[in-house]
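Student: Could we go through this structure together, one question at a time?
Tutor: Gladly; please keep the sequence and the structure in view as we go.

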Amino acid sequence: MRAGSGRHIMKTAKEAGIAMVTVMQDCSDPSLVSAHVGADHEGAAALQMKEVCEELGGKGKVAVIDGVMGSTGQIQLTAGYESVLKEYPDIQVVEEQSGNWMIDEAMSVTETWLQKYSDLDAVIAQSDQMALGALRACKDLGVTLNISGRDAQTAALKEVADGNLYGTVSQSAYQMGEMAVNVLNDVLDQKEVEDTYFTDNVFVTKDNVSDYE
């Protein structure tokens with residue numbers, strides 16, 4: 001569906017008095033919907049970066065694998081990282097490159113970094129798929145690094161449980177669905193609702209992964 005046709009449908013629905021709540025992907029024109037329920041990407045990235053910086057003792061060399069450059073997710077996640085890095089002047093970002101959300105591209109990017117740096121401490125990926133790609137590269141070259149991702153995907157959770165990934169951020173798709181239904185019910189009951197609702201961000205490590213598997 002083209003973006004223009006989607007907006008036309010939503011505009012027609014609003015004019016007809018049909019209540020709408022967007023979930024996960026927000027609308028370019030927020031006035032067309034009653035509320036948006038989604039994930040706080042900037043907050044998730046800030047949590048991820050802070051956990052890694054603390055685990056490294058506030059100093060070290062890290063590399064960041066971005067998603068698709070210029071995408072909303074990449075921009076928000078990068079802003080979250082940068083907000084935390086200001087608090088850790090001894091954490092040095094030595095490389096930052098896009099993995100386009102793809103496991104193979106992230107693997108290739110990480111392989112290049114590992115050949116370039118012998119003192120890299122961590123790889124921070126904006127998604128679990130890219131974190132898994134970084135992990136493959138490390139396993140192939142016999143290198144152990146602090147690697148983290150975001151999404152709490154099943155495959156990533158297994159690697160966290162096995163001690164191969166340091167962690168991943170859970171943004172709870174289940175909570176998002178439940179929240180969306182509750183907000184929509186409030187709209188239908190003509191109760192006042194907020195413009196935006198975010199799910200909770202939780203950093204999952206080996207210590208609490210059993211709660212998310």
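**A serine and its sheet**

Student: Is Ser-98 buried or exposed?
Tutor: In this predicted model, Ser-98 has a relative accessible area of 17%. A residue counts as buried when this value is under 20%, and therefore Ser-98, at 17%, is buried.

Student: Which strand holds Ser-98, and where in the sheet does that strand stand?
Tutor: Ser-98 lies in strand S4, and the six strands of the open sheet follow the order S4-S3-S5-S6-S7-S9, with mixed pairing. Strand S4 (91–98) has a single partner strand, as does strand S9 (202–204), so one side of each is left without a neighbour in the sheet. The answer is therefore strand S4, which stands at an edge.

Student: At about what angle to S4 does helix H4 run?
Tutor: Helix H4 (residues 103–116) lies across strand S3 (60–66), S4 and S5. Ser-98 itself touches Val-109, and its other contacts include Ile-65 and Asp-66. Relative to S4, helix H4 runs at about 140°.

Student: In which sense do strands S5 and S6 pair?
Tutor: Strand S5 (residues 122–125) and strand S6 (residues 146–150) are joined over three bridges, and Ile-124 stands opposite Ser-148 in S6. The sense of this pairing is parallel.

Definitions and conventions:
Residues are numbered from 1 along each chain as its sequence is written. This is a predicted model: local features need pLDDT of at least 70, side-chain atom pairs count only at pLDDT 80 or more; totals for chains, interfaces and linings use all residues. Side-chain values use heavy atoms; hydrogens and water are left out. Two strands pair if DSSP finds at least two bridges between them. Helices (H or I, at least four residues) and strands (E, at least two) are DSSP runs, numbered from the N terminus. Contact means heavy atoms within 4.5 Å. Axes are lines fitted to C-alpha atoms, for helices over the stretch in contact, and angles run from 0 to 180 degrees between N-to-C directions. Buried means under 20% relative accessible area, exposed over 50%, partly exposed in between (1.4 Å probe, protein chains only). Lists of a residue's contacts leave out its neighbours within four places in sequence.
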